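Open the model in your viewer and keep the selection panel at hand. The stops below go from one selection to the next.

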Amino acid sequence: MSEYILEVNNLTKRFPINGGIFGREVGAVSAVNNVSFKIKKGETLGLVGESGCGKTTLGRSLLRLIEPTSGEVKFNGTDITSLDKDGMREMRRKMQIIFQDPYASLNPRMTVGGILAEPMEIHKLFMDKQERHKRLLQLLDQVQLPSDALNKYPHEFSGGQRQRICIARALAVEPEFIVCDEPVSALDVSVQAQVVNLMMDLQKDLGLTYLFIAHDLKVVEYISNRVAVMYLGNMVEVAKSSELYGAARHPYTKALFSAIPNPNPNVNPDRIILEGDIPSPMNPPSGCHFHPRCWNATDECRSAYPPVTELSADHAYRCFNPNQV
Amino acid sequence: MAEKILEIKDLCVEFNTDRGRIRAVNGVNLEVFKGKTLGVVGESGSGKSVTALSIMRLIPTPPGRIANGTIDYRGENLLEIPFDEMRRIRGNKIAMIFQEPMTSLNPVFTVGNQIEEVIELHQSELSKEQRKEKAVEMLKLVGIPSPEQRVTEYPHQLSGGMRQRVMIAMSLACEPDILIADEPTTALDVTIQAQILELMNKLQKELGMGIIMITHDLGVVAETCDDVAVMYCGQIVERADVKTLFNHPQHPYTKGLMESIPSFDSTSGQTKGRLPTIEGMVPSLFDLPDGCNFQDRCKNVTDKCRGSEGEPKLREISPGHDAACFHPLS
């Protein structure tokens, strides 16, 4: 078996835009554009970028919750884009997702016990009644919730506890890979740290692999082994999280990380303030999508899209004029 | 010493709910100085937004009620002046920007209309043409490109960062004394946040207003504020100038908040240790413990904190540095 649990090759998702009285296709948004990456077993790959850069679409395409337009997603060597419905369902037992909003992603009419048992029911796991109960208690214990939570409803829990329930539901079918889509963004700072710790503990105990999507760069940097940066549907840089802050090659990565407010009033931030907004993905700029906001842009950047440059096995970027480190 | 323009004394705000009466703000004292930024930090439900709304007298009544206290603005108690007079101050002398720039703008009027409305209400001596000019000028001030064009556009045609700029332009149209910014950048991406914070700093230098910056992001506080008040369960638990607070936090809650933010100083790149956390969660306002509200989550808790000597009062630890704790950290 290869050391990579997930290999993504040239994944693309285009959303057509229909207009006119006949609803013809008048344009398209390339939410994810020719993205390729790999995730090692037991690793956490962080995925960052600003709103609308395609990080959520990418996360969902990996589970085919959004059907990718083209490209390949290999999970443990199997290309899941070619699986039929039943095959995909079977595959999802190994691939789970945790959503951002713990208020919206739990059914308010189901007890926590019901919520946690449903995925097992679907995948016909722990069918013996006593075994099922034991498993439910084990799940609650893993996410550090009291066992009397089983008969309670989601509204009886705080935001942080609800996110624990969502994590337990994802763990119920014993997955190998979890897409975490902004799992701590809706939580207060002190609770956020608790959930981040919990997720790191679970990863260690259960050997999980995470794709951790978030816009909070500090949290991503903290939890991830490597971080991928997206801009307008393209992956512009992937690097070890320790390298990304200090040794970023892509100007966008550098600007993104320098924009984070520093909770230390003693240092004067060396800040790069980007001009303008993210361009519309319906009508992206020519060449490198970042060139209108880039201070290193040359004519080359305006005409051609930069290819991937691999610095090392863990560090790659797409830029003609990278930062010198 | 800068001129003191706003002083809040012993503010208490109560809300009647189905489950009884709660005190969302309990005995808050704050001061705002000309040309300075006061940061108010706290988690959800700590009472920071309610404090801000009280200054504007925008607390929905009922169910809300300002139970006690004074808000002194240049010698006038804002809580006692007639409604008409408050309306003249609101938007004119004290302006506010809200977190969500989409829902705070009216979708059926152009951006220009909305800025002109503010000017019309508070500077009625200006003619229609002058108001139009002023609206364009305001958009230029907040750094919106091609303002003549933008002034005729509707909010949905603008991006989130642009909308927040429009909100700032509106709030500054009358050159207020005090700007209350309630989580102004929380809904924005970091690169846009950096633009907006820089803009606010620049405008403050030009116009000399006092800013109340309400946020849960300690990074934003460290970079924009001169003084900081930390709120927990409706009370101020610590107050100091920004450097003192970050370098020598006295209240265990403040320290815990600072530690639970991941920092960038790690070098390994491999899995890091656990983040320091504050155990447990914020107690419900319906069911606050006797004594210190932070007792159940505090590592230094003693019997004194559990109510044998009442609740800890905000007291001076060192000159200019107050904390509400029986066992301050250093």
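**Stop 1: a helix of chain B and its surroundings**

Select helix 7 of chain B: its buried residues pack against helix 7 and helix 9 of chain A, and against helix 6 (160–172), strand 8 (210–215) and helix 8 (218–224) of chain B. Helices (H or I, at least four residues) and strands (E, at least two) are DSSP runs, numbered from the N terminus. Contact between two residues requires C-beta atoms, placed from the backbone, within 7 Å.

This is a predicted model, in which local features need pLDDT of at least 70 and side-chain atom pairs count only at pLDDT 80 or more, while totals for chains, interfaces and linings use all residues. Residues are numbered from 1 along each chain as its sequence is written, and chains are lettered from A and ligands numbered from 1 in the order in which they are written.

Which residues of helix 7 of chain B are buried? They are B:Val190, B:Thr191, B:Ile192, B:Gln193, B:Ala194, B:Gln195, B:Ile196, B:Leu197 and B:Met200. A residue is buried if 20 or more other C-beta atoms lie within 10 Å of its own, exposed if 12 or fewer, and partly exposed in between, with C-beta atoms placed from the backbone.

Now pick the end C-alpha atoms of this helix, residues 190–207 of chain B: they are 25 Å apart, which agrees with the 26 Å that its 18 residues should span at 1.5 Å a residue. The expected span is 1.5 Å times one less than the number of residues. Just after the helix, B:Gly208 has a positive phi of about 70°.

**Stop 2: where the chains meet**

Show both chains: 40 residues of chain A are in contact with 41 residues of chain B. On chain A, helix 6 (189–206), helix 7 (217–223), helix 8 (241–246) and helix 9 (251–258) each supply at least two residues of the side that touches chain B. Helix 6 of chain A gives the most, with eight residues.

**Stop 3: the sheet of chain A**

Select the strands of chain A to find an open sheet of eight strands in the order 6-7-8-3-9-10-12-11, with mixed pairing. Two strands pair if DSSP finds at least two bridges between them. The edge strands are strand 6 (95–98) and strand 11 (308–312) of chain A, each pairing on one side only.

Inside the sheet, strand 3 (residues 44–48) and strand 8 (residues 209–213) of chain A run parallel and are joined by four bridges. Here A:Thr44 stands opposite A:Tyr210.

**Stop 4: backbone details**

Most residues other than glycine have a negative phi, and most peptide bonds are trans. Go to A:Glu174, where phi is positive, near 55°, in the loop between helix 5 and strand 7 of chain A. With 15 C-beta neighbours inside 10 Å, A:Glu174 counts as partly exposed.

Finish in chain B, in the loop between helix 1 (48–55) and strand 4 (64–73), which holds B:Pro62. The peptide bond from B:Thr61 to B:Pro62 is cis, with omega near -20°. The bond from B:Pro62 to B:Pro63 is cis too, with omega near 10°.
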